[in-house]
Every structure is written in C-alpha cells, then in structure tokens.
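This report covers a paired strand, a surface patch and the confidence of the model. The sequence and structure are shown first.

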Amino acid sequence: MGTALITGASAGLGEEFAWHLATAGHDLVLVARNEQRLNTLAAEMSQAAGVGVQVLAADLSTPEGLERVTERLRTGTALGERDQLASGGAPCETVPHTAEDVAGRCVDLLVNNAGFAVGQAFVGGDLEQELRALEVMVRAVLVLTHAAVPGMVERGHGAVLNVSSMVALTAMGTYAAHKAWVRTFTEALASELHGTGVTATSVHPGLTRTEFHERAGMSEENWPDLVWLEAEQVVEEALAAVRRGQVLCTPSLRYRSANAALRMAPRWIVRRVSGHGSQRTQY
C-alpha cells in the first residue's frame, strides 16, 4: 500500500478520509493546524490499523505553513527515488509502519481537503477573512499539487483528490468561486496528466454531516434531513472515483440530479435562486 497526505485531516471529511485509507492499509501524513488533535488521531489510527502516521501541524493560510507541507511533498519524492536505487525496486515498494518511516516516503495520494465557510457577504465583509479563504482553498491546492505531481509522474503512478463542492455551480459568494476554481483546475490537470499513470479527481459533496457547519455557526436544522449526506458515503464514493481514474465525482443520486439541473439551467436563474444569502448556505 502507498502513502496519502491529507490536508484538513483533524476533523470532518479529512478525518473520514484518513480512517478509510488507514483501514485499507495506507500510511498517512496528516496535516492540520491542531497538532494535539492530530497526535490523538495518529495514535488511534496506528493502534487500530497498524499503519504509520506522520503528523504535520501547519496553517495553510500562512506562507510558513504552506512551505512546510510543500517541502514534505518534495522531500518525500526525493527519498523515494533514493530508496529505489538502494533496493533495485520501485519507489514506495515497502510499507512503513512508524511515523519516522512515513516521513521518508513519497506521497502516492494527495488529498486537498482543507477548507472552511467564509461566513460573510463579500460587500462589507472582512478582507482578511476573504484572503485567508483564498489562500487555503485556492493557493494551497495549486502549490501543493504543483509540488506533488512531478514526482508522481516520474514514478508513473499517483493521484490527486481535490475536495470541491456542489456550490461550485452556484453563485453563493466567494466560497462558491473558490470551489469552482478547484473543479476547473482539476479538469485541466486531469487532461494534462492523461497517459502518465497519474490521475486527478474532483469531488463535489452536497450538505454533509460534519463539524463544518457547526464551526461556521450554521444550524443543520435549516435544511431537511433528506438533503444531508453522511461523511462515510462521500468518502467512499470519492475514493472509488480515484481508483477508477474518474475526474468528476458527485456523491449520491440526488446530488447528481441537482448537479445536472444546475448545469442545464440558465445562469440568470442560478444567480437568482442561489446568489441571495450566499453567506449562509455553504458546504
């Protein structure tokens, strides 16, 4: 099995991705701001699944935090190449089971999951909050992917999974704009990677039961139970799409139907229906 690096791994979909990959035998690099929570998760996953877990505390909205994760992706690739020379086999051929071993391995799967609800209207909103969201959900995705993909291409295998959102097709504020960028970027990347053995997938969850809405101060009672997805379903469908090399993934039939409706609807209707109150409805 390989090694996966997951951003925003301390809670929500990021934590769910980590558990699914750990139970499947993949070693992990967990990235988030909360080091204490990451250490707790790492200990639990190592004990339960017998995999190696490296903790990398970093704030992706800061140059220092982003550079720390970027360097991990680059360094891991270089060490993987040296391991190939030493063993005569393929890089990442052996499966480490300690944090120290994981720290020296190349990353086979990059999960760009970190994100948060902007929680404000753009007009009159706090500019620093907008810039922080842009750094985490756009710039970090670009920079980390740029660091990870060359080594994957050189090895002839690997995958990037970017977490977008159903709101990427709406007009729900700058959060929707960021997620629309992620979707288009992933499609462009997938086209460029065609034939290399490396894939790019963008997943577009609808409303999902995680800590995301609670942290943003949004009550789940604002929406009926029918519209909610469980994090487990989202992660299972996303990882299945990665295994198939599928570029776009929208979990659940009901959200695939909503996705089709949004794509066919005139944009003026989309703006009228989904543009108002954009600071409230983000997922």
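## Strands 4 and 5

In this predicted model, strand 4 (residues 109-112) runs parallel to strand 5, and four bridges join the two. Across this pairing, Asn112 stands opposite Asn162 in strand 5.

Strand 5 spans residues 158-163 and is mostly covered, with six of its six residues buried. Gly158, Val160 and Asn162 point one way from the strand, while Ala159, Leu161 and Val163 point the other way. Both sets are buried. Asn162, the residue opposite Asn112, is therefore under 20% relative accessible area.

## A nonpolar patch on the surface

Leu127, Leu131 and Leu134 form a nonpolar patch on the surface. Together these three leucines have about 260 Å² of accessible area.

One of them, Leu134, lies in helix 5, which covers residues 127-155. Leu134 has a relative accessibility of 37%, so it counts as partly exposed. The reason is that partly exposed covers the range between buried, under 20%, and exposed, over 50%.

## Confidence

The protein has a mean pLDDT of 86, and 82% of its residues reach 70 or more. Over residues 77-96 the pLDDT stays under 50. For that stretch the model has 32 contacts beyond four places in sequence.

Residues 277-281 also have a pLDDT below 50. Beyond near neighbours in sequence, the model gives this stretch 12 contacts.

Definitions and conventions: Residues numbered from 1 in each chain as written. Predicted model: local features only at pLDDT ≥ 70, side-chain atom pairs only at ≥ 80, totals over all residues. Heavy atoms only, no water. pLDDT = per-residue confidence, 0-100. Contact = heavy atoms within 4.5 Å. Patch = residues over 30% accessible without salt bridge, like charges linked within 9 Å, V, L, I, M, F, W, Y side chains within 5 Å. Areas by Shrake-Rupley, 256 points an atom, 1.4 Å probe, with all protein chains shown as cover. Salt bridge = Lys/Arg side-chain N within 4 Å of Asp/Glu carboxyl O. Buried < 20%, exposed > 50% of the residue type's maximum accessible area, 1.4 Å probe, protein only. Pairing = 2+ DSSP bridges.
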